[in-house]
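My entries follow in the order in which I made them.

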Amino acid sequence: MKRTKSFSHRLSRRVIIVVAVIFVVQMFVVGLTSSKIIADEAARSTQHMLHGTISEIELPLGEVEIATQTVASLIASMPDNVGYAGMVISRTVEIDSLICGGSVIYPTPNGAKASMSYEDSTGMVHSYDLMGGWSESSWVNRCLAFVDQYRAPFWAEPYQAEGQRNQLVTAFCYPIFLEENGDSVLFAVVTAELPIDWIEHKCEAMRPYPSSLTTIVCGSTVIGLHDSAIIAQMREAVSKDKNLQELQEDMKKGVDSMRRIGSGSNVGYVVYGPLHNGWMASVLCQYKEVLHHSSVMHTNMLIIGLIVLAILYVICRFTIHRMTTPITQLSDAALRMAKGDLNTQLPEIKSGDEMMHLHDSFVYMQNSITEYIDELKTTTAANERMESELGVARNIQMGMLRTDFPDNVSALLVPAKEVGGDLYDFVQKGDYLYFTIGDVSGKGVPASLMMAITRAGLRFVAGMEQTMDKLLERINVSVTDTNSNDMFVTLFMGRINLKTRRMEYCNAGHNPIIVVPPAGDPYYLKAKPNLAIGLFEDFVYEAESLDLAAGTRLVLYTDGVNEAEREDKSLFGNDRLLEWAKSNLVRNADTTDKEVVDSLYKEVLQFTEGNPQNDDITIMSILIQ
């Protein structure tokens, strides 16, 4: 036997499933919403931090710019005193702790570059060559080329400091122009050098997350990123990614913005903004670090939710089991009642809710079933007596029908119920054969009683030397006198002179009989219309006569044959009946009367295809010899 799960288990499981679905959906919505809020807030926070770092870097750079501009003004006031220029530069380096060195670059008329040098506060000696020139690879040449092109102060791209390895410095270059013959001519370029390690420290300090990368792009130099391989990878990624190319274009334009970059697990965002000197600062953060704490929180919430669901399942199952225990007890009691123990004890319930109402319904059902079974026993006993009596009545009725058929007569009667209202009979008196077939309106016991009365009338008039219409009128009077239920009988009655083969007949509202001559096709015998017997006592019937040839067969039937129907309500019909006669009686002239009756009954059964019989079926066959 298959083991079934308890109602409390199934209900608890469904409750937990519903709660779990709601919990998962809520977690998804909260996670999605909170992740977006956290990511947006992290981007804004990073942007504020970047702006603060830019301000911290720009403030010293601005001081250096002011100091360099002041030195340039002093040198411009004494253009012929080179020693004075060197002293001013040296003094400036000593005073400003951020400036690590400086110089004055004098371009010569023939294009050669002359310069001077000084010893800074750290003891580093800056060389100069007034007569010669600087190598073409020196930043000095690029500096002067930039001044010639833009004729404005600028910050030089970081370069390697002279005399020191791995020491990058940058310089603020301020050009001095003097008026000669109405033209503005470059006189000298004052530079102030400062190391960029403090800028790198600022970039290192500005790290919102452990893996964040803060850089400042100065031309082709990236401050804050020393690994050349990583720089090469970044440049290669920019060449392949359209989004990174747009980012690079924005940074070149000095746009202050934020952009989402990357794909898959490497998704992140870049916050970037320009410095006043044209450099561009940026911070790269990965979303997996931004959302790390959020992910931990969601994981903890999920674990707590699962624990709560487990506890809720236990509580639900215990509570539901306790609430549904009376249902189980009532179910067991109902099973015992179904097995016949109608006096089984029902559980006592006093909850005052629907459970108590169900208990009261069971009590009412128990009492009702007990009363019903008592009534059923009484009814069953009465039905058994009635069935027994109907069986006796059927036997009596069937016993009234003749079964001692002569060679030329055969008949069959199959009632639709225990007893029926169809009848057939035949009586031979001298040289005459009296025969009849009829159908009483209705079915059952009343129809069988009317059938018995009609048959008794036929037996009474058989042998009377009167015409067929007078004999039928006598039967009509007899039936009408005893008919108190407005019933009637369709009847076909005939009398055949066995010597002359002359048939006298009268049709009282019955189906036309089939005449099968020894030569020719079968046909329906036309008869004058007469009312069925039992309707009007004084009705005058009209008889007819017909001479029959030897070998002629008469087939009589009731409407249970031609009105037999299938499940789809289609009827056997008169055309099919006549076709059966043509196929079975004309070709097989030697068929016995019993075979004729059995053949037609079988044809009807095949047509109905097992559909229940809805009317009595009676078939009679007479062969004229």
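I take buried to mean under 20% relative accessible area, exposed over 50%, and partly exposed in between, with a 1.4 Å probe and protein chains only. Helices (H or I, at least four residues) and strands (E, at least two) are DSSP runs, numbered from the N terminus. The model is predicted, so I note the limits: local features need pLDDT of at least 70, side-chain atom pairs count only at pLDDT 80 or more, and totals for chains, interfaces and linings use all residues. Residues are numbered from 1 along each chain as its sequence is written, and side-chain values use heavy atoms, with hydrogens and water left out.

**Strand E6**

I looked up strand E6 (residues 183-195) and found it mostly covered, with 10 of its 13 residues buried. I count two strands as paired if DSSP finds at least two bridges between them. Strand E5 (residues 168-180) runs antiparallel to E6, and 12 bridges join the two. Phenylalanine 172 has alanine 192 in E6 as its bridge partner. E5 and E6 form a hairpin with two residues between them. In that turn, asparagine 181 has a positive phi of about 55 degrees. Strand E1 (residues 101-107) is also antiparallel to E6, joined by five bridges. There I noted valine 104, whose partner in E6 is valine 190.

**Cores**

I define a nonpolar core as a set of buried Ala, Val, Leu, Ile, Met, Phe, Trp, Tyr and Cys residues joined through side-chain atoms within 4.5 Å. The largest has 45 residues, and Phe435, Leu472, Ile533, Leu554, Leu556, Met620 and Ile622 have the most contacts inside it. A second, separate core has 33 residues, among them Ala43, Tyr269, Val271 and Leu291. In soluble globular proteins, nonpolar side chains tend to be buried together.

I then listed contacts (heavy atoms within 4.5 Å).

**Asparagine 408**

I found asparagine 408 in the loop between helix H9 (354-400) and strand E12 (409-414). At 13% relative accessibility, asparagine 408 counts as buried. Leaving aside neighbours within four places in sequence, asparagine 408 is in contact with Leu433, Asp593, Ser621, Ile622, Leu623 and Gln625.

**Cysteines**

I searched for disulfides (a pair of cysteine sulfur atoms within 2.5 Å) and the structure holds zero. Cysteine 203 is in no disulfide, and its nearest cysteine sulfur, that of cysteine 218, is 8.8 Å away. That distance is too far for a bond. Cysteine 203 counts as buried because its relative accessibility is 4%; cysteine 218, at 2%, is buried too.

**Rings**

I pair rings of Phe, Tyr and Trp (its six-membered ring) if their centres lie within 6.5 Å; planes under 30 degrees apart count as stacked, over 60 as edge-to-face and the rest as tilted. The whole structure gives 10 aromatic pairs. Tyrosine 269 and tyrosine 287 form a tilted pair, 5.4 Å centre to centre with 45 degrees between the planes. Tyrosine 269 is in strand E10 (residues 268-274) and tyrosine 287 in helix H7 (residues 287-290), 18 residues apart. Both tyrosine 269 and tyrosine 287 are buried. Ring pairs also link Trp155, Phe172, Tyr174 and Trp279 into a cluster.
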